[in-house]
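Good morning, and thank you for coming.

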Amino acid sequence: MNRSHQWRKIQGRSMEAVCLLAAVLAVIPLFAFLWHLVAMGAGAFSMALFTKLPLPPGELGGGLRNAIFGSLLVVGTATVVGIPIGIGAAVFMTEFARPATTSLLRFACDVLSGVPSIVMGLLAYQVVVRPMHHFSAISGSVALAFIMLPVVVITTQEMLRLVPHSLREAGHALGIPAWRIASSISLRAAAPGILTGAILSMSRIAGETAPMLFTSFGNPFMSTDPRAPIATLPHTIFTYAISPYDDWHRLAWGGALILVLGILGATLLSRCILWWHQRSLHS
Amino acid sequence: MLACQDLKIEFDRKPVLKGVTLTFPPRRISAIIGPSGCGKSTLLRAFNRMHDLTPGAQVTGSVTLNGHEIYRGSEDPVLIRRRIGMVFQKANPFPTLSIYENTISGLRLSGVRNRAVLQEAAEKALVDAALWDEVKDRLKSNPMSLSGGQQQRLCIARALAVDPEVLLMDEPCSALDPIATSKIEELMFRLRERLIVVIVTHNMQQAARASDRTAFLWMGELVEEGETEAIFTSPKKAMTEDYITGRFG
């Protein structure tokens, strides 16, 4: 009896050790990647990275001002278009549509979210670039909005589903019109979660490279025109990383660091919003 | 006077209420009692057309308030619910609105903008719900900081602020302690002066002490109804007697 007890303890301990090892192995890539990125990118980190434009090959120095601005413009435009449409669709699905319609729309969103981003880029090429006869920042935004849309719809729908049905019932019992219940009760209760989802979907599209190849196309000069080709961070990283110049490699690492810090910041911000909201509910 | 005639309710073709005829006179508290699943909440929710929101629910028969049919196609359920308020089993204040905003939510979200009107309505409703003294210094606080009984009285205040003619209460005390329960019952007695109060309860002591009339429902059918005292002291049907003496249910 005592012996089997000991054996069981050994079994328990060894299982725990195996799981701990798996957990450590799972986070090693993250830290290894962060370490490498900071080590390589920190050298490029300077004011010049943010304020200067890229220089022709052979000239040392320069920065990524055009790509940073381009990413902000393309992602910002996609967000302004994609998030309201996504939230509107999710509100329709959870608050107004019949169950069969909701399932159909949800299925469509699940399929859409699984479409590879390069195919979404192709779609934007077909509907924007070809009619315009040239590449443009706006076509990049359209591609990113397509990618973002199902993500926003799905996260918003999940957040609205978490709002207790009893709150909607209370609203109906007070004789509040259905659209007011949707906007002032359901959406308001789900707002922090929806905001978090929106921030995460923004950070997801900020790193998209493939669809930019034949939409926003890239531009070595500073451009603020949404109708003209424009540089973006992921696409510039791609172009510079495969170039033969050391100085461009350095800029690519700097750009990668900016991108990752931005995404990290966005993720932290969304966590803070949720944490702050939960605290305010319980106080 | 609130009345229903031959009211039948089905969910996905499964009958839950099988033809109930009842009247609820003004200035009276009417209790609906019966074992779990007898259809008492289903009956109550028919009175303010809450079943309109449930896919697969089918209501036939008639419900009238002061002689007007509320199930006529031209009647807007939103407007009917402003005349027939409802309080639920579990207190459900809106967690994103303050105590004050909760109280006036029915008015404000229906388009009332005048601040003086809203403020007056809020104070009146909170006084009517016997909550004013407890919350007047923290109207801006989150309702989740209130106790369960206070939350339920806030929900009653919220329903009263719309100035309804009928107040439907669906087991409003089942999650509350005896002291909070007695406060709600006192409140019901005061509201009786100006409202038709209908309460669903599975607590027979509550029906006996806090209602004027009692209806006993079993398996979707009305077994017996009448003055509460008569029902509890000399029921006409054997089944009623068995139920109120605790032999089943």
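A word on terms before I begin: a helix here is a DSSP run of H or I with at least four residues, and helices are numbered from the N terminus. The model is a predicted one.

On that basis, A:Ala100 belongs to helix α4 of chain A, which covers residues 99–114. Is A:Ala100 buried or exposed? Its relative accessibility is 59%, and exposed means over 50%, so A:Ala100 counts as exposed.

I turn now to the interface of chains A and B. Here 19 residues of chain A are in contact with 30 residues of chain B. Between them, the two chains bury about 2,000 Å², and carbon and sulfur atoms account for 64% of that area. Which residues of chain B lose the most area to chain A? They are B:Phe94, B:Thr96 and B:Leu109, which together make up 31% of what the chain B side buries.

As for polar interactions, there are 6 residue pairs in polar contact between the chains, both residues being at pLDDT 80 or more. The count of salt bridges between the chains is 1. A:Glu169 forms a salt bridge with B:Arg45, with 2.3 Å between the closest N and O atoms.

On the side of chain B that touches chain A, the elements giving two or more residues are α2 (77–83), β6 (84–87), α4 (105–108) and α7 (148–161). By residue class, that side comprises 14 nonpolar, 9 polar and 7 charged residues.

Methods:
Residues are numbered from 1 along each chain as its sequence is written. Chains are lettered from A and ligands numbered from 1 in the order in which they are written. This is a predicted model: local features need pLDDT of at least 70, side-chain atom pairs count only at pLDDT 80 or more; totals for chains, interfaces and linings use all residues. Side-chain values use heavy atoms; hydrogens and water are left out. Buried means under 20% relative accessible area, exposed over 50%, partly exposed in between (1.4 Å probe, protein chains only). Contact means heavy atoms within 4.5 Å. Buried area is the accessible area (1.4 Å probe) that two parts lose on being put together, summed over both. A salt bridge is a side-chain nitrogen of Lys or Arg within 4 Å of a carboxyl oxygen of Asp or Glu. A polar contact is a pair of N or O atoms within 3.5 Å; within protein, one must be able to donate a hydrogen and the other to accept it, and residues adjacent in sequence count only if both atoms are side-chain atoms. Ala, Val, Leu, Ile, Met, Phe, Trp, Tyr, Cys and Pro count as nonpolar, Asp, Glu, Lys and Arg as charged, and the others, Gly among them, as polar.
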